[in-house]
Amino acid sequence: MTISADRLLSHAHDLFRFFGAPSVNPKGGFYQLDGNGAPIIGGENGTLRELHETTRMAHCYALGTLMGIEGAREIMDHAMDFLLHGHRDTVNGGYFWGVDDSSPLRSDKQAYGHAFVLLAAASAGLAGHPEAKALHEDVMTVILARFWDESAGAMTEEYTADWQRLSDYRGQNSNMHSTEALMAAYETWGDARCLEMAVRISERVINTNARKAGWVVPEHFDQNWNVEPDFAGDPMFRPAGTTPGHALEWARLLVQLWHLTDRAHDWMKEAALALFETAVTQGWSEPRGGFHYTLEWDGTPAMRNRFWWPCCEGAAAASVLANLTQDQTIKDWEAKIWQVLETDFIDHAKGGWWPEVDENGAPRTTVFKGKPDIYHALQACLIPLFPQDKGIGPSIKASTA
């Protein structure tokens, strides 16, 4: 199916409504929502709020603010307030991964989470939040002092609350989202070092490691950036094997990075196209469509259940690459992916998107519960609607000014 601009915008508005008021926790931060869109409440001292959830809500409702969505500014403000006064560690610096009403439940400091703090600051800055610049300066200070490895040109991974190293693990997932956030920070604040860092990460993760692996993205590494092919960690953030969705996400990000660097690195365009082709060839699930969540190193499916976010990233990447190349095959992939999203993932009756379905299209909860996270779905809807030579926030702002 070919999805129209009106349909994409309608889906975006539905997402803003579904995740808006029902997600707001009056004591700060946000609830996750169940399958019916009701808050999932629990915990002796209030519901756990994780850093990536708070920051993604700040980012997405900053985009909504730029679009003039009713109530978006208030939700962005609510997210920013809890980010600054709930997650921020005022003793040791940085941002706790998980907090309840009054204290950290998971006090570890994760590169993945700090990447989203940086993204939230950039998007909120575009939307005119008065504390966005200070948040940007604070989190960049932490990133440079604690996470950035200048010799490797990449991010280290995880620390205790007082910055003791938790492991020697290095991960491409946190580095991919750091690349996304660093580009956003560069576009918002004009900080050239952010763009340089994004280029260096992409050189290591994609131009070196993914190229060597035949345009499959290795996920897991030791402290010296040697691939750990047998690593099996958290199934949500560090699953075993390879993840086609991340190759699709990188394909989109590399086109953005290519534009931001004045198209100086031709390998980025080459890599974006190669990553997309490899992911759709190896990862596509037949006969129903969508992407297997993870693959073995030989390309055979490992986790056959299909998740919403790889389809979101595949649709967004196809839109960006089709716009870049005018290739009909890529346009056809965009249509195929949207057909699966419309058929299997979007809940047209109750709202929101199912995060996981089995091979027959029935919702499953092996990794995610309820209907979590507006971020991937919203960006899949918005990216095709705006100019694609820059990030989604700057594109919206330029188009609606």
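Leaving aside neighbours within four places in sequence, which residues is W258 in contact with? They are R263, A264, H265, D266, M268, K269 and L324. Contact here means heavy atoms within 4.5 Å.

This is a predicted model, in which local features need pLDDT of at least 70 and side-chain atom pairs count only at pLDDT 80 or more, while totals for chains, interfaces and linings use all residues. Residues are numbered from 1 along each chain as its sequence is written, and side-chain values use heavy atoms, with hydrogens and water left out.

- W258 sits in helix α8. Helices (H or I, at least four residues) and strands (E, at least two) are DSSP runs, numbered from the N terminus.
- W258 has a relative accessible area of 8%, so it counts as buried. Buried means under 20% relative accessible area, exposed means over 50%, and partly exposed lies in between (1.4 Å probe, protein chains only).
- From C-alpha to C-alpha, W258 and A272 are 9.8 Å apart in space. In sequence, W258 and A272 are 14 residues apart.

**Pockets**

- A pocket is found on a 1 Å grid over the protein atoms alone, as an open set of points with protein on both sides within 12 Å along at least five of seven lines. A cavity is a set of points where a 1.4 Å probe fits but cannot get out. Lining residues have an atom within 4 Å of a point.
- Grid points are joined across faces, edges and corners, and a volume is the space filled by probe spheres set on the points.
- The largest pocket has a volume of about 650 Å³. Its lining takes two or more residues from each of β1 (49-50), α2 (51-67), α6 (172-189), α8 (244-260) and α10 (308-325).
- Helix α2 gives the largest share of that lining, 4 residues.
- In total, 35 residues line the largest pocket. Nearest its centre lie Q32, E50, H52, E53 and P372.
- The lining of the largest pocket divides into 18 nonpolar, 9 polar and 8 charged residues. Ala, Val, Leu, Ile, Met, Phe, Trp, Tyr, Cys and Pro count as nonpolar, Asp, Glu, Lys and Arg as charged, and the others, Gly among them, as polar.
- The second largest pocket has a volume of about 240 Å³. Its lining has 13 residues, and W97, Q110, D234, F237 and R238 lie nearest its centre.
- By class, the second largest pocket is lined by 5 nonpolar, 3 polar and 5 charged residues.

**Cavities**

- The whole structure holds 2 cavities of 30 Å³ or more.
- The largest cavity has a volume of about 260 Å³. It is lined by 24 residues, with R252, Q256, K390, G391 and I392 nearest its centre.
- At least two lining residues of the largest cavity come from each of α4 (111-126), α6, α8 and α13 (392-400).
- The largest cavity's lining has 11 nonpolar, 9 polar and 4 charged residues.
- The second largest cavity holds about 80 Å³ of space. Among its lining residues are W215, T242, A279 and L295.
- Helices α8 and α9 (266-283) each supply at least two residues of the second largest cavity's lining. The largest share, 3 residues, comes from α9.
- The lining of the second largest cavity has 7 nonpolar, 4 polar and no charged residues.

**Salt bridges**

- Side chains of opposite charge can pair when their charged atoms come close.
- The structure holds 20 salt bridges. A salt bridge is a side-chain nitrogen of Lys or Arg within 4 Å of a carboxyl oxygen of Asp or Glu.
- D14 and R17 form one of them (2.3 Å, N to O). The two are 3 residues apart in helix α1 (residues 5-19), so about one helical turn separates them.
- D14 is partly exposed at 35% relative accessibility, whereas R17 is exposed at 54%.
- R200 and E150 also meet in a salt bridge (2.7 Å, N to O). R200 lies in helix α7 (residues 192-212) and E150 in the loop between β5 (148-149) and β6 (154-155), so the pair ties together parts that are 50 residues apart in sequence.
- R200 is partly exposed, at 26% relative accessibility.
- R193 and D191 make another salt bridge (2.8 Å, N to O). R193 is partly exposed at 39%, and D191 is buried at 16%.
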